[in-house]
Amino acid sequence: MTFPVTRTVQTDHSARITPVSERMDRKQELRLSVTIIPVLSDMSPDRSGRVDGYTRSFSHKGVILDLATRQKLTSSVIIALEYQPGHYRHAPLEVQCSTPVTPQHICIEAHYGGVASELFQPTFLRPTLDLQSMRFHFGKHETLLTQWEQVGVLWKKPLDCIQVCNKCGSLPTFRKGCPQCGSGYLLNDRLIHHYSCAHVGPAVDFDTPESISCPKCLVRNLVVGADFEHLTGICRCNRCSWSGQDTVSIAHCLHCGHRDCADQMSHQEIFEYHVEQLDPLDFGPDA
Amino acid sequence: MLNNWIHWISDQTPEQILLLFGAILLIDSPRYLFGDLIICLWDSLARLIPDRNRNVATAPAPYLPSVCVLLAGHNESDTLGATLSSIWGTYPKLEIIVIDDGSQDNTHQVATSFAATHQDVMVLRRSRRGGKSSALNFALSYARAEIIVAVDTDSHLGPNAIWEIIQPLRDPGTAAVSAAVLPRNPFTNMLTWLQSYEYFHSTLVGRLFSARLGTLSIVSGAFGAFRRSVLQQVSGWDVGPGEDGDLTLRIRKAGFRVAFAPFAQCFTKVPVTWKHLIQQRRRWDRCVVTYECRKHLDMGYLFNNHNFQIRNFLTLLDRWFFNVFCVYAFFAYGIWMTITLSNQLDKLFLTCYLFYLSISLMQVFLVLFYSINLRRDLIVCLITPLMPFYHVFLKVISLIAITEELLWRRSFQDNFVPVHVRQKTWRW
């Protein structure tokens, strides 16, 4: 990782191992280019209030910033730090205090966290399955996430490609079914192949009260795998007259009741949102 | 040289000449000659003398039972499509069951795509190869037709072959029908040409003769018809190799007859390399020991045998004598003659060759008499001068195969059956 500005680290190099509690409190002077996006009360980004500035110092608890604005910021903001040209990392901040430095600049002190932290939670960024509509969606946050995507904090990442009902778009259920009528109620023949005599017959014919015996050569105490194997016979549809081995995958939509072959269903890509998070430990004195 | 030979042969007494020809008389082909001639004469007279009792009004209606064709194959995607095309639609009440025996190629896709566009075609598949016998038994459990026809997936059927092969089953006492299996690639090279002549004579005319005698002991796995009730009675096919001959013998033991349909023709691919031919013939010849000399030896029990039938006994005698005894006798005789006449070997071989050739030429007429494609069969018969050498070559293979089976039971190590099955099967 390369940063555009050199940093001045004031640390005691004679101490090789620094205690964690000490590291957490230590401040580091570092001047980096940042953008601050205020977060409104409804968690949406305040596009007009976007402010550029520089960092003054970092610690693991928070950051002190010089910003080129005079207006008062909201208490919750998102910091976007350009760690590579064109690439930003973000973190939620809770503004602790704001001090005017010059007529055009203010200095703010902010801690990591605050109400905007919710935006960075995986559960907030991933779609969930609504069991009523049987669809994946982000719920009421969908517009909010789009707004954050538009300001460049979030970006869409493909999560999966799923089959959905071509009538209503809901998630269907799948089962092996009859290729003629689509019924999932199939009766499957269980057969046994006895190796010694090549006999193939229904498994029930091999069942005797004592053991498994071949009805052709009358050998008893057969062991599966060593003496015989199970074969999958044909399936018989309980609704129509179809029989065969090549069943098809049948999709049934629980929302609208539409039933069809699975390959006739629509395909839908689902996305999740992703955010490049700023890790405060990256700017620690021992980083 | 020819003069020397004429002088030499004219000096021999009749007994000496008979002694010279003894070895040749033990070779397969001439053994059928006299029987073939009688049948040929009989059929010729039957053609000449019109049957006055036969007229259209009293002629029986064609026998048209429901038929199910079983096609079991392993990695046969190259030939399966053409085989299915040659069968489908050739008979009114025809059902086809294809069994994909654990293929790793596109066999299943070929079968399912054919079934998708053609009625009454069922495709069965099993993920692990289990052998031809169990594959056929697997399909048999789903067949509902009265007659079961087993066809190899690399074979093509001739015109009306299904109709021809089921006609002998009109007789309730007949449970199996053998067909004329002919080569599909007769002129690929000299080896296939030699086999073609052999198939024409041994398979076509030879089986016709055996069927007339009632001693036919093989319904070829390439193409054969069976009554389903009888197949179920004998519990279908046993583990191979040679499961076709084994099934035929079990059907005979159950008291049913085996017929031959000469005009039900099936064209199968014959081996094109010597290596494959040797493998195939070793497999076939070993079966004589496995089945006729071991498994079904009870067919020859004269006493305390309620199922004894003279035809079955003659079948065993035929196989024992010509396929086992004569093989050893041929070489013993040949060695003895070579030692005895070591200074006249050239004359001995020339005599034997000419005698054999003259017999073969007579057989050519028999082959052509029963031919339904005279031009093709005439060309096939042009290979006749080389047949004596080919038959001696086959005798050598037989000698090796029979000996190794008698001593080491090599048929139970044959790759024809998957390892997990052949390790468990009954060893006869």
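User: In this predicted model, what percentage of the contacts in chain A between residues at least 6 apart in sequence join residues at least 24 apart?

Analyst: The model is predicted. Chain A holds four helices and 18 strands. Among its contacts between residues at least 6 apart in sequence, the share that joins residues at least 24 apart is 62%.

User: What percentage of the residues of chain A count as buried?

Analyst: A residue is buried if 20 or more other C-beta atoms lie within 10 Å of its own. Of the 287 residues of chain A, the share that counts as buried is 24%.

User: Is Cys261(A) exposed, partly exposed or buried?

Analyst: Cys261(A) lies in strand β17 of chain A, residues 259–261. Leaving aside residues up to four places away in sequence, Cys261(A) touches Val248(A) and Ile250(A). Burial requires 20 or more C-beta neighbours within 10 Å, and exposure 12 or fewer. Because Cys261(A) has 13 C-beta neighbours inside 10 Å, Cys261(A) counts as partly exposed.

User: What distance separates the C-alpha atoms of Cys261(A) and Pro179(A)?

Analyst: Cys261(A) and Pro179(A) are 82 residues apart along the chain. The separation of their C-alpha atoms is 7.8 Å.

User: How many residues does each chain bring to the contact between chain A and chain B, and which strands of chain A each supply at least two?

Analyst: The contact takes 16 residues from chain A and 24 residues from chain B. On the side of chain A that touches chain B, the residues divide into seven nonpolar, six polar and three charged. The strands of chain A that each supply at least two residues of this side are β12 (186–194), β13 (200–202) and β14 (228–237).

User: What distance separates the centres of domain 1 and domain 2 of chain B?

Analyst: Chain B is divided into domain 1, spanning 2–40 + 304–415, and domain 2, spanning 65–272. Taken over C-alpha atoms, the distance between the centres of domain 1 and domain 2 of chain B is 29 Å.

User: Which helix gives the largest share of the side of domain 1 of chain B that touches domain 2 of chain B?

Analyst: In this contact, 28 residues of domain 1 of chain B meet 22 residues of domain 2 of chain B. Several helices of chain B each supply at least two residues of the domain 1 side, including α4 (33–48), α14 (345–369) and α16 (387–408). The residues of that side divide into 13 nonpolar, eight polar and seven charged. The largest share, six residues, comes from α13(B).

User: Are α11(B) and α12(B) roughly parallel or roughly antiparallel to each other?

Analyst: The axes of α11 (residues 243–253) and α12 (residues 274–295) of chain B come within 10 Å and cross at roughly 25°. Gly245(B), Asp246(B) and Leu249(B) of α11(B) make the contact with Cys287(B), Tyr291(B) and Lys295(B) of α12(B). The crossing of the two helices is right-handed. Angles under 35 degrees count as roughly parallel, and α11(B) and α12(B) are therefore roughly parallel.

User: What is the handedness of the crossing of α4(B) and α14(B)?

Analyst: α4(B) and α14(B) pack at an angle of about 35°, with their axes 10 Å apart. Leu33(B), Asp36(B) and Cys40(B) of α4(B) take part in the contact, and the residues of α14(B) include Ile359(B), Met362(B) and Phe369(B). The crossing of α4(B) and α14(B) is left-handed.

User: Are α14(B) and α15(B) roughly parallel or roughly antiparallel to each other?

Analyst: The packing angle of α14(B) and α15(B) is about 160°, with the axes 10 Å apart. The crossing is right-handed. Val364(B), Val367(B) and Leu368(B) of α14(B) make the contact with Leu374(B), Asp377(B), Leu378(B) and Cys381(B) of α15(B). Angles over 145 degrees count as roughly antiparallel, and α14(B) and α15(B) are therefore roughly antiparallel.

User: How many of the residues of helix α7 of chain B are buried?

Analyst: Helix α7 of chain B comprises residues 132–140 and is mostly covered. Its buried residues include Lys132(B), Asn137(B) and Phe138(B). The number of buried residues in α7 is nine of nine.

Methods. Residues are numbered from 1 along each chain as its sequence is written. Chains are lettered from A and ligands numbered from 1 in the order in which they are written. This is a predicted model: local features need pLDDT of at least 70, side-chain atom pairs count only at pLDDT 80 or more; totals for chains, interfaces and linings use all residues. Two residues are in contact if their C-beta atoms, placed from the backbone, lie within 7 Å. Ala, Val, Leu, Ile, Met, Phe, Trp, Tyr, Cys and Pro count as nonpolar, Asp, Glu, Lys and Arg as charged, and the others, Gly among them, as polar. Axes are lines fitted to C-alpha atoms, for helices over the stretch in contact, and angles run from 0 to 180 degrees between N-to-C directions. Angles under 35 degrees count as roughly parallel, over 145 as roughly antiparallel, 65 to 115 as roughly perpendicular and the rest as oblique. A crossing is left-handed if the near helix is turned anticlockwise from the far one by less than a right angle, and right-handed if clockwise. Domain bounds come from an automatic or database domain assignment.
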